[in-house]
Amino acid sequence: MVGGGAGGGTGGGAAARTDADGPTVTLEGVILGIDTSLGTAVAVVEPDGVVRAQVESADPRGHAEVIGTLIQRALAEASVTVSDISYVAAGMGPGPFTGLRVGIAAARAFALGRGVPVVPVVSHDAVALELLLHDALTGGYEDAADESFAVVTDARRREFASTLYRGLDDDGLPVRLAEPALTPRDDLDRMLQAAGVIRRDAERIPAAMLALAASRAVVAGRTIAPADVLYLRSPDVTMPGAPKRVNL
Amino acid sequence: MAGRGVHMNREPLVLGIETSCDETGIGIVRGRTLLSNTIASSMDEHARYGGVVPEVAARAHLEALEPAIRAALAEADVALADLDAVAVTSGPGLAGALMVGVGAAKALAVSLEKPLYAVNHLVGHIAADVLDGDAPPLEYPTVALLVSGGHTSLLLVRDLTSDVELLGETMDDAAGEAFDKVARLLGLPYPGGPEIDRAAASGDPLAITFPRGLSRASDMAAHRYDFSFSGLKTAVARWTEQRQAAGEPVPVADVAASFREAVVDVLVTKALAACRDHDVPRLLLGGGVIANRRLRDVALERAAAERVTVRIPPLSLCTDNGAMIAALASELIMAGRPASTLEFGADSTLPVTEIQVAGSA
Ligand SMILES: [Zn+2]
């Protein structure tokens, strides 16, 4: 049983797409969001964006240690049972591989256990969505919707991962101007300046926004991220040369 | 959920997840009965690198897990909801590879609201034996020799679920690694074990006397049950180079047979010494290198001479697999052990004495 969530939950509200040119998608239940591209972040969100729970560990390692308890805590704080989960949003990166895989493996396994779909989301989209919603609510800086910005996270090995955005589209999803890419640390500012975009560094991925992006994608009937992990780097391998010679 | 045991009058239905090296293993057992042993291997992807590449293995695990779980459920003809528990390898093994399995197992257990058992990979190799339906039950104590590409360990098992002692292990390469490296030296492909075997078939095992690591009197005092194969590998390299330098052809069959003989000799000698020293007339063999015919033959022959009974689980359960992980958890459940809490991690150097990782409560 989920820790403090005895009694279970109502499963949240529903969001619906009602445009004329497609079947109406109604989203029942709540969405579980999981991301381990930086720290470990888990959230439970209603389809219309009401955040029922958001828990996280900032530890850039130790994802495997905390993932289980964080999922349990999120469910408990949201007062939902596992059967209320209708979709699992998975942060596909970019991010350091070893940790990143833990969340994706967990998202896929949780979804398998419940028989519900996984919705892959670009982890930077969650940051962009949060920035854009925040700016929209607070007035933010002027003409936030027209401002191009880059979500930037540490990719280790003296590189940054960045994704360029500009505003929200009609489905309420961040518009990506450029897909996630790696840039040497010293080159990033020059590159962003040339592209005329503002730099927005992120230290954490808001899992609630990840789940909300997934919800909006499902309602819109869109796929917003590849099913494959956003590694952006080939595995480190050195092809073996001739066997090393020993002294004769 | 987590921390709670499984109380039941019937045999527990357990799904085991194993991702410590390059095999994604999903096993399903009911008590001591094997229902599925599904393995997806990334071995082919490592072949061109001459050894397991951790990042390549970890990426492959992530992609193989879900299809392997589905395949195992289909083969066992059970549904996830029917499971009594989920089991996973916590270590030892490759950290990044282990983490994929641990992350998946935790989320699966939480989503199914089932107990989770985090277990030791090496002890899992011993537990594979209980799935051998044709064999009489494992008797205690027994000495266990586990030999694979990732480990070479000699254990004293007094009880599978509560008392396993490490007698010795390799100080450098695992035996399977030595096979891979010597195969490469001889221009043979990866994995080296079957290739060396094939080459050795027509060779003379007594043609060249290669060193037996940690077998001199002084070594036997300090490292009686430990192994070392890096010196042997170097000796083979030196020998073949000298041949080449002299402009003579390298007798690959003889080198392969003599190398294999040196490995087998030291493995069997030390395992039987452990049996003698501890007055234990039982030896269990496990790990992928047990597939080596010569090792099995020599072990059986020399053990018989010393009146030691040898047990070898089915070879399909000797290589890394999820069924042995499920089997160990099943034994723990039947022994009344509570489930692990959810806090455990992937421990690449998990000691063999830690049969089950309980997690920090
Ligand atoms: Zn193994």
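B:Asp297 forms a salt bridge with B:Arg293, the closest N and O atoms being 3.5 Å apart. Here a salt bridge is a side-chain nitrogen of Lys or Arg within 4 Å of a carboxyl oxygen of Asp or Glu. The model is predicted, so local features need pLDDT of at least 70 and side-chain atom pairs pLDDT 80 or more, while totals for chains, interfaces and linings use all residues. Residues are numbered from 1 along each chain, chains are lettered from A and ligands numbered from 1 in the order written, and side-chain values use heavy atoms, without hydrogens and water.

**Exercise 1.** Explain how B:Asp297 and B:Arg293 are placed in their helix, and state the exposure of each.

*Solution.* 
Step 1. Both residues belong to helix H10 of chain B; because they are four residues apart, about one helical turn separates them. Helices are DSSP runs (H or I, at least four residues) and strands likewise (E, at least two), numbered from the N terminus.
Step 2. An α-helix has 3.6 residues a turn, so residues three or four places apart point the same way.
Step 3. B:Asp297 is partly exposed at 34% relative accessible area, and B:Arg293 is exposed at 52%. The classes are buried (under 20%), exposed (over 50%) and partly exposed (in between), with a 1.4 Å probe and protein chains only.

**Exercise 2.** Identify the protein donors of the zinc ion and explain why their arrangement is irregular.

*Solution.* 
Step 1. The donors are B:His121 (NE2), B:His125 (NE2), B:His151 (NE2) and B:Asp320 (OD), at 2.1 to 2.3 Å from the ion. Donors are N, O and S atoms within 2.8 Å of the metal (3.2 Å for Na, K and Ca); water is not among the atoms, so sites may look incomplete.
Step 2. The spacing of the donor residues in sequence is H-x3-H-x25-H-x168-D. Within this set, B:His125 in helix H4 (residues 121–127) and B:His151 in the loop between strand E6 (142–147) and strand E7 (152–159) link distant parts of chain B, 26 residues apart.
Step 3. B:His125 is buried at 1% relative accessible area, and B:His151 is buried at 11%.
Step 4. The four donor atoms subtend angles of 90 to 157°, which makes the arrangement irregular. Four donors count as tetrahedral if all angles lie between 85 and 135 degrees; four count as square planar and six as octahedral if opposite donors are over 155 degrees apart and all others between 65 and 115; anything else is irregular.

**Exercise 3.** Describe the contact between chain A and chain B and its salt bridges.

*Solution.* 
Step 1. Each side is counted separately: 41 residues come from chain A and 41 residues from chain B, where contact means heavy atoms within 4.5 Å.
Step 2. The two chains bury about 3600 Å² between them, 66% of it on carbon and sulfur atoms. Buried area is the accessible area (1.4 Å probe) that two parts lose on being put together, summed over both.
Step 3. Two salt bridges are counted between the chains. A:Arg101 and B:Glu55 meet in a salt bridge at 2.9 Å, N to O; this pair runs from helix H2 (residues 97–114) of chain A to helix H2 (residues 54–76) of chain B. A:Arg101 is buried at 1%, and B:Glu55 is buried at 13%.
Step 4. A:Arg108 pairs with B:Glu63 at 3.3 Å between the closest N and O atoms. A:Arg108 is buried at 14%, whereas B:Glu63 is partly exposed at 38%.
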